[in-house]
Amino acid sequence: MKTKAVIIDDEQPICDEIEYLLNQRGDIEVCAKFTNCVDALIHILGKKPDIVFLDVIIPGMTGLEMAQKLNSMKEVPYIVFITAHTEHAIEAFSTPAVGYVTKPITEEKLGNVLAKIRNLSAKTASERGTQIAKVCVLSGGKIVPVNKKDIVFIYVKDKDVFVRTRSVEFSAMLTLQEFDNLLTEPNFLRIHRQYIINLDEVLEITPWFHGSYLLRMNDLNKQEVPVSRTRVKQLKIALGLK
């Protein structure tokens, strides 16, 4: 399901430019654009979009005033301010806004704030104990949802996190700890400070040093991943090993 966004800016070309950049991502649907806050507020209260891109300086009701009104909603949308006036940054963050993007709007700036929103959304889902349906990764500058059953393992390398499926490796948008919190199904197990594996994708188990193991995984490279000694007992229980 696509993330629904509303864009509000008194300059129509700015609205159109943001819509164009969001449409390139594939997972976001721009459901409405407005050049004034009054009409936008009526729409948002009724349609309840996920993200609101909101200009700070708009004639009539300002973006800052509108953000405060949106804060009364039962589920407040993610609000991202868009403006050329950086001096409003401090005031903007006294509202429920989660991001602040300066003009000119670029794909990189939008990508950064959308990644932040994805992480916040995942954290909220985790705190609520919600079972997520997919995990979102990055591929070619776009956000791609991946079925959890397709994950072979997730790992950290040089502080970056990667998701490996049977045929592809993706850059991740979450930390390994955030994945550990989200993937609560019994087939996912943290076996090392750098690895989370899908137990259904283990091909072989090789005894290793000091009572530990190496696991050969079912990705394209049939990569071996280590099990830390502190995780051996948990692995044995999960796999029925004695």
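Arg 164 counts as buried, because its relative accessibility is 9%; buried means under 20% relative accessible area, exposed over 50%, and partly exposed in between, with a 1.4 Å probe and protein chains only. This is a predicted model, in which local features need pLDDT of at least 70, side-chain atom pairs count only at pLDDT 80 or more, and totals for chains, interfaces and linings use all residues. Residues are numbered from 1 along each chain as its sequence is written, and side-chain values use heavy atoms, with hydrogens and water left out.

Let us stay with this arginine. Arg 164 lies in strand β9, residues 160-164; helices (H or I, at least four residues) and strands (E, at least two) are DSSP runs, numbered from the N terminus. Which residue forms a salt bridge with Arg 164? The partner is Glu 169, with the closest N and O atoms 2.6 Å apart. A salt bridge is a side-chain nitrogen of Lys or Arg within 4 Å of a carboxyl oxygen of Asp or Glu. Glu 169 is partly exposed, with a relative accessible area of 34%. The side chain of Arg 164 also has a polar contact of 3.2 Å with that of Gln 223. A polar contact is a pair of N or O atoms within 3.5 Å; within protein, one must be able to donate a hydrogen and the other to accept it, and residues adjacent in sequence count only if both atoms are side-chain atoms.

I turn to the other salt bridges. By the rule just given, the count comes to 13. In one of them, the side chains of Glu 19 and Lys 33 meet at 2.7 Å, N to O. Glu 19 lies in helix α1 (residues 12-23) and Lys 33 in strand β2 (residues 28-34), so this pair ties together parts that are 14 residues apart in sequence. Another salt bridge brings together the side chains of Lys 103 and Asp 55, at 3.7 Å, N to O. Lys 103 is in the loop between β5 (99-102) and α5 (107-127), while Asp 55 is in strand β3 (residues 51-55), 48 residues apart. Asp 55 is buried, with a relative accessible area of 3%.

Finally, consider strand β11. Is β11 largely enclosed or exposed? Five of the five residues of β11 (residues 188-192) are buried, so this strand is largely enclosed by the rest of the structure. β11 and β12 pair in the antiparallel sense over four bridges; two strands pair if DSSP finds at least two bridges between them. A hairpin of two residues joins β11 to β12.
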